[in-house]
Amino acid sequence: MRVLQGITGAVIVLGIFSSVLRTLVIPRPTRSGFTQIVHGLVRRPFQLVADRLPEAEAKDRILAPVAPLAIVVTLMGWLACFMVGYALLEAAVSRLPFQDAMVESGSSLFTLGFASGSRVTLNVIDFCAAATGPVVIGLQIGYLPTLYAAYQRRETEVTLLQSRAGNPPWGPEILARYAQVELLHSLTELFRNWERWSAEVSESHTTYPVLIHFRSPKANRNWLIALLAVMDAAALRLAFNPSQPEAEVRLALRAGFVCLRDIADLRGIPYDRDPHPDDPLRLTYEDFLHGVARMADQGYPMERTPEEAWPHFRGWRINYEQLAYWLARDIDAVPAPWSGPRRTTVAVRTPVTPVDRRPVG
């Protein structure tokens with residue numbers, strides 16, 4: 001019995017140490033089964049409530065605390081598992097009842113020092129437990145500023161996009177607004193910035209997967225919808241304006257769907273790594289024409305007709321549509337145009353183009 005207790009305790013302690021290292025220390029995409037289970041359990045009751053609400057704003061309010069709460073519960077889960085693991089080890093190397101071993105394990109783990117065994121065989125385990133508690137809590141304290149710094153960098157660019165793409169963002173609206181204010185020559189700067197943004201999000205959201213579920217400060221903003229809007233704008237630009245400079249546009253588009261694929265690889269989401277340009281889209285041609293009409297209303301110059309541009313646009317969008325739709329449904333992103341269905345039926349929010357108020361005459 002004591003051998004079994006010792007083996008079980010060692011497995012628990014080493015397994016939780018592995019989870020801590022994978023989550024807080026190792027600077028590369030690694031998956032921790034423990035944290036995934038905890039995040040799933042924390043999210044489930046909130047998601048059940050959100051699925052019964054008809055409005056996107058109400059869903060957002062319910063889901064907003066999920067990711068921060070999951071971080072706190074993960075820390076508590078780590079400490080609780082360490083406490084049980086060390087208690088099993090102490091019970092195995094001594095004749096302490098499990099209840100007394102739990103008291104001594106907790107006393108050592110949290111460095112309270114109110115319980116102390118008289119057996120020399122417990123000293124090593126007590127010292128290990130006493131070191132574990134402060135180390136885990138210290139790592140978590142250092143982890144939070146890094147996490148929120150990455151979140152703030154992500155949200156800064158998403159907020160800047162609001163004046164360029166509306167709220168929620170939409171690919172055709174980006175080109176329509178740039179055409180309205182005669183700033184189409186500045187599109188290369190937008191795409192250049194979002195190429196770098198995609199690289200940063202790819203790195204941060206695969207190293208710290210909990211960031212995927214961190215929601216924007218306002219319900220109509222969302223990092224994934226913003227990225228989808230920029231990629232759609234890039235695909236439209238390439239489809240309708242083949243004579244314009246393409247380097248920054250292509251690179252931003254490529255960086256965007258590479259970012260989504262990196263996240264999909266981490267989450268274990270299957271996708272076609274080499275889709276054919278003629279594969280069908282879930283976005284219909286009628287929805288495409290609706291977006292093109294928004295661009296035309298603001299005087300966006302088009303070198304190709306919609307019929308000519310559609311195959312080119314489809315060939316670009318097929319690289320990222322599946323993953324964007326899957327993630328948008330998973331995180332219950334704001335229901336923007338061209339972003340696919342959600343977990344429950346909600347009204348699509350279409351941004352409104354500002355009225356041109358420039359003086360005439």
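1. Ground rules. This is a predicted model, in which local features need pLDDT of at least 70 and side-chain atom pairs count only at pLDDT 80 or more, while totals for chains, interfaces and linings use all residues. Residues are numbered from 1 along each chain as its sequence is written, and side-chain values use heavy atoms, leaving out hydrogens and water.

2. Helix 2. Residues 33–50 form helix 2, which has 18 residues; helices here are DSSP runs (H or I, at least four residues), numbered from the N terminus. From first C-alpha to last, helix 2 reaches 25 Å, close to the 26 Å expected (1.5 Å times one less than its number of residues). Helix 2 also has a kink of about 35° at Arg-44, shortly before Pro-45; the bend is the angle between axes fitted to the seven residues ending there and the seven starting there.

3. Surroundings of helix 2. Its buried residues are Thr-35, Val-38, Val-42, Arg-43, Gln-47 and Ala-50 (buried means under 20% relative accessible area, exposed over 50%, partly exposed in between, with a 1.4 Å probe and protein chains only). These buried residues pack against helix 1 (2–25), helix 3 (56–63), helix 4 (66–93) and helix 14 (321–330).

4. Helices 8 and 12. Helix 8 (residues 171–180) packs against helix 12 (residues 285–297) at an angle of about 10°, and their axes are 8 Å apart. Axes are lines fitted to C-alpha atoms, for helices over the stretch in contact, with angles from 0 to 180 degrees between N-to-C directions. Helix 8 and helix 12 are therefore roughly parallel (angles under 35 degrees). Helix 8 contributes Pro-172, Glu-173, Leu-175 and Ala-176 to the contact, and helix 12 contributes Gly-291, Arg-294 and Met-295; contact means heavy atoms within 4.5 Å.

5. A cis proline. The peptide bond joining Asn-167 and Pro-168 is cis, with omega about 0°. Pro-168 sits in the loop between helix 7 (162–165) and helix 8.

6. Is Glu-182 buried or exposed? Glu-182 counts as exposed, at 57% relative accessibility. This residue lies in the loop between helix 8 and helix 9 (187–207), and its phi is positive, about 55°, although it is not a glycine. Asp-332, in the segment after helix 14, also is not a glycine and has a positive phi of about 55°. Asp-332 is buried, with a relative accessible area of 5%.

Definitions and conventions:
Helices (H or I, at least four residues) and strands (E, at least two) are DSSP runs, numbered from the N terminus. Angles under 35 degrees count as roughly parallel, over 145 as roughly antiparallel, 65 to 115 as roughly perpendicular and the rest as oblique.
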